[in-house]
Amino acid sequence: MIKQLSKLESLSISNCDRLEDIFEENEIEPEMIRSDGHQLPRLKNLYLGDLPKLVSIDRIVSLASASIEEIWIQKCISVKSLPSSLVDAPKLRKIGGSSSEWWDEELEWEDNAIKQRLQVKLACMLS
C-alpha cells in the first residue's frame, strides 16, 4: 500500500483510541520499504490528534524526512519523544503541540542539543 502513497501531501489522523503505530515495519517484504526519507516524497504536513495509544512517530518521519514541512501533535499522550532525525529534515519549518508544557515536560529528550535545535521550529496550538 505504501508504494501507492507517493503523491500524498498531507496526512491527518485523529480520534483513534487503538492506533499504536503508523506504517509498521513490513516483515514480509522489507525491501519494499525505504527508510531514506523518500518513500513518501511529497508528504509535507502531518497532523496527529487524540491518539492516546500512539507511541512513536519515528517510522512515518523516516519515510517522509526529505519532504516533511510541518508536524502537529495534540493529545497523543503516549508519544514521549520525537525522532532525532527531525534535526536533519531539510524542509521542516514547524513542529506544533498542545502547549509549551508538552514540549518542556512531557517529551523526553535523549540529548538536550536536539531539543534546542528543534525548539526554533516549535509552535503551540490551543487545546
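## Cysteines and the predicted model

C16 is partly exposed, with a relative accessible area of 28%. The other cysteine described here, C76, counts as buried, at 5% relative accessibility. The structure holds 0 disulfides.

These descriptions come from a predicted model. Its mean pLDDT is 85, and 83% of the residues reach 70 or more. Over residues 27-32 pLDDT stays under 50, and for this stretch the model has 2 contacts beyond four places in sequence.

## The nonpolar core

The largest nonpolar core has 30 residues, and the members that touch the most other members are L48, I57, I60, I71 and L82. Two or more residues are given to this core by each of β2 (45-49), α1, β3, α2 and α3. Of the elements, α1 gives the most, with 4 residues.

The contacts of I57 illustrate how these residues meet. Leaving aside residues up to four places away in sequence, I57 touches L48, I71, I73, L82 and P83. Three of these partners, L48, I71 and L82, are themselves listed among the core members that touch the most others.

## Strand β4 and I95

Strand β4 covers residues 94-97, and I95 is found in it. I95 has a relative accessible area of 1%; residues under 20% count as buried, so I95 is buried. Beyond four places in sequence, I95 touches I71, L82, L86, W102, W103, L118, K121, L122 and A123. Among these partners, I71 and L82 are also touched by I57.

The C-alpha atoms of I95 and E70 are 5.8 Å apart in space, while the two residues are 25 residues apart in sequence. E70 takes part in one of the salt bridges described next.

## Salt bridges

The structure holds 3 salt bridges. In one of them R93 pairs with E69, with 3.5 Å between the closest N and O atoms. R93 lies in the loop between β3 (70-74) and β4, whereas E69 lies in the loop between α1 (58-64) and β3, so the pair ties together parts that are 24 residues apart in sequence.

E70 is buried, with a relative accessible area of 11%.

A further salt bridge joins D104 to K115, with the closest N and O atoms 3.5 Å apart. Here the link runs between helices: D104 belongs to α2 (residues 100-106) and K115 to α3 (residues 112-119), and the two are 11 residues apart. D104 counts as partly exposed, at 42% relative accessibility, while K115 is buried, at 14%.

## Aromatic pairs

A search of the whole structure finds 2 aromatic pairs. One is formed by W102 and W103, whose ring centres are 6.0 Å apart; with their planes at 55°, the pair is tilted. Both W102 and W103 are buried, and both are touched by I95.

W103 also pairs with W109. Their rings are 4.9 Å apart from centre to centre, with 55° between the planes, and this pair is tilted as well. The relative accessible area of W103 is 0%, and W103 is buried. Together, the ring pairs link W102, W103 and W109 into a cluster.

Notes: Residues are numbered from 1 along each chain as its sequence is written. This is a predicted model: local features need pLDDT of at least 70, side-chain atom pairs count only at pLDDT 80 or more; totals for chains, interfaces and linings use all residues. Side-chain values use heavy atoms; hydrogens and water are left out. Buried means under 20% relative accessible area, exposed over 50%, partly exposed in between (1.4 Å probe, protein chains only). Contact means heavy atoms within 4.5 Å. pLDDT is the predictor's confidence in each residue, from 0 to 100. A salt bridge is a side-chain nitrogen of Lys or Arg within 4 Å of a carboxyl oxygen of Asp or Glu. A nonpolar core is a set of buried Ala, Val, Leu, Ile, Met, Phe, Trp, Tyr and Cys residues joined through side-chain atoms within 4.5 Å. A disulfide is a pair of cysteine sulfur atoms within 2.5 Å. Rings of Phe, Tyr and Trp (its six-membered ring) pair if their centres lie within 6.5 Å; planes under 30 degrees apart count as stacked, over 60 as edge-to-face and the rest as tilted.
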